[in-house]
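Subject: The two-chain model

Hi,

Here is the structure I promised to pass on.

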Amino acid sequence: MTLLTIKDLQFSYSERGDFTLSVPRFELNQGERVALIGPNGAGKTTLLQIISLLQRPDKGNILYDGGEIKSRADILNYHRSTAFVPQRPSLYNRSVQDNVAIGLKIRNISPDEISERVDGMLKALKIGHLANRNALSISGGEARRVMLARALVLNPKILFLDEPFADLDEPVRRSIIEDTLPILSGSGCATVFVTHNQDETYQLASRFMVLIKGRIIQSGTAYEIFGNPASKEVAEFIGIRNIIPAEITGNDNDMLRLSLSDSIHFLYSGAKPDTNKVLCLIPPESITIATDPPQLHSSARNTLQGTIKKVIPSRYMVWLEIDCNGVHLTASVTHQSVRELGLSAGKPISVLIKATAIQLLPLT
Amino acid sequence: MNEIFDIVRTSLEVSGLSLIIAGVIGIPLGVIVGLSRFRGRKWLIALVNTGMGLPPVLVGLVVVMMMGRSGPLGFLGLLYSRTAMVIAQTIIALPLVTAFTIAGIQKIDPELIRQTVSLGATRLQFFRIIIQEARLTILVALMAGFGSIISEVGAVMMVGGNIRGETTVLTTGILQSTRMGMFNQALILGGVLLAISFIVNLALTLIQQKRTDHY
């Protein structure tokens, strides 16, 4: 059942002249968990503030539970059915317990019930020991827990989270997510959350919406978005570093033949797009690197010879920038592979790409 | 001794009542100005800030002109009364209380203000929560207001007239005793003035530093 509907939403920033947030339609179903993702400055936080009625749009209608929100009383009722967790730690200068209780006090719940619910929530989020501490004296991770507790204790119909786990160390972030997920699942409340680009938070979402330059470009499950980006911008945002213009020049045993340059050709096995001019998307993790003749042990249909230009280590993997006769590719390999294969700048290598790993976008 | 006691009581009554009135007007005014965005807001804040340095004699002059026999409020016959003194001291304390409150409210993180709205607070609940959040600065506002009027001499002298047993307060009492060569009495009044200032500020500081558990 649809809980929230937004129609014809328009918002322009006074300080960002040409930027407009424009959402023709947004629907949120009961119990659904939607992640708003997109690059910095795409308008994610603004959209979240508008749908949580903390920012007035220039235009648009918001329907909650079938009725349009118009009057002050509607807004108050909406705020009392929902909860918002902001991006920055924002706690009142009072005890942790009072911070968590404040929304219940506003709703005039009886003191006995408040104390019972607050105690339960503090325990569930593992901050019971902080109950009497002043909220301004606790750590960043603890502050996030208090903010989540303050929102979840209200049993909201909709929970809005603005980058709820930003600026936290990965273990802290993971442990907060682990403790929050069962409460969220148990309460069955719908959730809309903004997240920049943190893989751990993706497990919270049942649906993703990609917002780029104020427009929702794509909406769908993780597999739909990450496995099949709808545009160049979405592909760039989700980290497909190899986006190369190509042309469909023919067929080869049920596969399409793509020309990336005069000398580089790929085989592609997938649906043929409407146009012959395409963008060829190759995720860095689907490129395999070999230092010996690869034909012996690979099912990959596309093999290129290239030279490593740059080796860029990062936390989880190593990025390799490779030049294959004028076509530049970025591949990701493990630290172990770099060590075992002795990969370094200037080293000649073979690049293997499966025909199924390539995705095509019509070039517009 | 009785006279000293009367003077102390008059001082406390006049300045205490003035502070209460200045607080009742200045705190809500400061909260509203601190939170809202309207045209001319910066001008208003600049005006209030200027008011913090209002010379008491100037306030005295204006109140005398308004309440003097030929002034527009002369028919009330309030000049040289405690009421006139309360009016003058309220005018002196009001900008201080308002300006400090504005500063305190502006210091609150806008995210926290948004959070309070998102929690579904009614207007009254919202004001209570915000005032409580700014409570430390608001107490500073009251201390500053009280300090400015309990020790002020120009305005009370002009509008109260320093009538013995009626409108003499600690400061005007010190002035009078000194003029009459009664240095001992002047020193006693001075000591009492300092003691009152200390006790009131101590009490407010204790409240300020106390942990509050409710909204």
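Predicted model: local features only at pLDDT ≥ 70, side-chain atom pairs only at ≥ 80, totals over all residues.

Chain A has 364 residues, of which 38% count as buried. Its secondary structure comes to 10 helices and 20 strands. Along the principal axes, its C-alpha atoms fill a box of roughly 75 × 45 × 35 Å. If you take the contacts in chain A with a separation of 6 or more, 68% of them are between residues 24 or more positions apart.

Chain B has 215 residues, and 37% of them are buried. The C-alpha trace of chain B spans about 65 × 40 × 25 Å along its principal axes. For contacts in chain B between residues at least 6 apart in sequence, 76% join residues at least 24 apart.

**Where they meet**

On the chain A side, 19 residues are in contact with 16 residues of chain B. Two elements of chain A give two or more residues to that side, helix H2 (72-81) and helix H3 (96-106). H3(A) gives the most, with five residues. Sorted by class, the side of chain A that touches chain B has seven nonpolar, six polar and six charged residues.

**A sheet in chain A**

If you like sheets, look for the open one with five strands in chain A, in the order S13-S12-S11-S14-S20, with antiparallel pairing. Which strands stand at its edges? They are strand S13 (265-268) and strand S20 (359-362) of chain A; each has a single partner strand, so one side of each is left without a neighbour in the sheet. From one strand to the next, the twist averages 45 degrees.

In general, nonpolar side chains tend to be buried together in soluble globular proteins. In this model the largest nonpolar core has 147 residues, and the members that touch the most others are A:Leu36, A:Ala149, A:Val210 and B:Ala88. H4(B) provides the largest share of this core, 15 residues.

Leaving aside neighbours within four places in sequence, A:Val210 is in contact with A:Ile37, A:Gly38, A:Ile216, A:Ile217, A:Gln218, A:Ile225, A:Val234 and A:Phe237.

**A helix in chain B**

Helix H7 (residues 135-150) of chain B has 16 residues and reaches 22 Å from its first C-alpha to its last, close to the 22 Å expected at 1.5 Å a residue. Its buried residues are B:Ile138, B:Val140, B:Ala141, B:Leu142, B:Met143, B:Gly145, B:Phe146, B:Ser148, B:Ile149 and B:Ile150. What covers them? The cover includes H1, helix H4 (82-106), helix H6 (123-133) and helix H10 (183-209) of chain B.

B:Ile4 is in helix H1 (residues 2-35) of chain B. Why does B:Ile4 count as partly exposed? It has 15 C-beta neighbours inside 10 Å, whereas a buried residue needs 20 or more and an exposed one has 12 or fewer. Not counting residues up to four places away in sequence, B:Ile4 touches B:Ile188 and B:Leu189. B:Phe126 is elsewhere: B:Ile4 and B:Phe126 are 122 residues apart in sequence and 45 Å apart in space, C-alpha to C-alpha.

B:Gly74 is in the loop between helix H3 (56-67) and H4 of chain B. With 14 other C-beta atoms within 10 Å, B:Gly74 is partly exposed. Leaving aside neighbours within four places in sequence, B:Gly74 is in contact with B:Met67, B:Gly68 and B:Arg69. From B:Gly74 to B:Ile91 the gap is 17 residues in sequence and 18 Å in space, C-alpha to C-alpha.

Happy to go through any of this with you on screen.

Cheers

Conventions: Residues numbered from 1 in each chain as written. Chains lettered and ligands numbered in written order. Contact = placed C-beta atoms within 7 Å. Helix = DSSP H or I, 4+ residues; strand = E, 2+ residues; numbered from the N terminus. Nonpolar A, V, L, I, M, F, W, Y, C, P; charged D, E, K, R; others polar. Pairing = 2+ DSSP bridges. Axes fitted to C-alpha atoms, helices over the stretch in contact; angles between N-to-C directions. Expected span 1.5 Å × (residues − 1). Core = buried A, V, L, I, M, F, W, Y, C linked by C-beta atoms within 7 Å.
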